[in-house]
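The following paragraphs lead through one structural model, from its overall layout to selected residues. Please keep the sequence and the coordinates in view while reading.

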Amino acid sequence: MKITAVVGSPRGVQSRTRKLVNLVLAGAEDAGAEIDIIDRADLQIVACTGCESCSLDGTCVFGDDFPAAYDRMRDADGLVFASPVYVDNVSG
């Protein structure tokens, strides 16, 4: 079983959100799962503009890091989404 965590904090390895995810993944690893962390702070992802290119021809007009992250999420058996809360909402 493979568990992938997606961390939405902009603070990288110093974030408290990342530290909490590490605790969750440590438990999964102790139970025998293979773990993977996708840290948003390490990726260059352009915000969607709603151009519909992806739905028309299956490809995004932006050449960013999202396709690789998406493939890692698709390969997982379970996903953990972690986000800091800013002004009563999750990070974008």
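How many helices and how many strands does the chain have? The chain has 3 helices and 5 strands, where helices (H or I, at least four residues) and strands (E, at least two) are DSSP runs numbered from the N terminus. Read from the N terminus, the order of these elements is β-α-β-α-α-β-β-β.

The model is a predicted one, in which local features need pLDDT of at least 70 and side-chain atom pairs count only at pLDDT 80 or more, while totals for chains, interfaces and linings use all residues. Residues are numbered from 1 along each chain as its sequence is written, and side-chain values use heavy atoms, with hydrogens and water left out.

The predictor's confidence in each residue is expressed as pLDDT, on a scale from 0 to 100. The average over the chain is 92, and 100% of the residues score at least 70.

In overall dimensions, the C-alpha atoms fill a box of roughly 45 × 35 × 20 Å along the principal axes. The chain exposes about 6400 Å², of which carbon and sulfur atoms supply 54%; accessible areas come from the Shrake-Rupley method with a 1.4 Å probe, and for residues only the protein chains shown count as cover. Of the 92 residues, 29% are buried. Buried here means under 20% relative accessible area, exposed means over 50%, and partly exposed lies in between (1.4 Å probe, protein chains only). Contact means heavy atoms within 4.5 Å. Among contacts with a separation of 6 or more, 62% are between residues 24 or more positions apart.

The sheet comes next. An open sheet is formed by 3 strands in the order β2-β1-β3, with parallel pairing; two strands pair if DSSP finds at least two bridges between them. Strands β2 and β3 (78-82) are the edge strands, each pairing on one side only. From one strand to the next, the twist averages 20 degrees. Between β1 and β3, which run parallel, there are 5 bridges, and Ile3 stands opposite Gly78 in β3.

Which strands does α1 touch? Helix α1 packs on the sheet and touches β1, β2 and β3, its direction making about 165 degrees with that of β2. Helix α3 (residues 66-74) also lies across β1, β2 and β3, running at about 150 degrees to β2. For these angles, axes are lines fitted to C-alpha atoms, for helices over the stretch in contact, and angles run from 0 to 180 degrees between N-to-C directions.

In soluble globular proteins, nonpolar side chains tend to be buried together. The largest nonpolar core of this model has 8 residues: Ile3, Ala5, Val7, Val21, Leu25, Ala28, Ala33 and Ala82. Such a core is a set of buried Ala, Val, Leu, Ile, Met, Phe, Trp, Tyr and Cys residues joined through side-chain atoms within 4.5 Å. Another core, of 5 residues, lies apart from it and includes Val6, Ile38, Leu43 and Ala69.

Leaving aside neighbours within four places in sequence, Ala5 is in contact with Val21, Leu25, Asp36, Ile37, Ile38 and Val80. Ala33 lies in the loop between α1 and β2 and is buried, with a relative accessible area of 13%. Not counting residues up to four places away in sequence, Ala33 touches Met1, Ile3 and Ala28.

Is Arg18 buried or exposed? Arg18, a residue of helix α1, counts as buried because its relative accessible area is 15%. Beyond its neighbours within four places in sequence, Arg18 is in contact with Val7, Gly12, Val13, Ile37 and Asp39.

The backbone deserves a final remark. Most residues other than glycine have a negative phi, and most peptide bonds are trans. Glu52, in the loop between β2 (34-39) and α2 (53-57), has a positive phi near 70 degrees and is partly exposed, with a relative accessible area of 46%. Asp88, in the loop between β4 (85-86) and β5, has a positive phi near 60 degrees and is exposed, with a relative accessible area of 77%.
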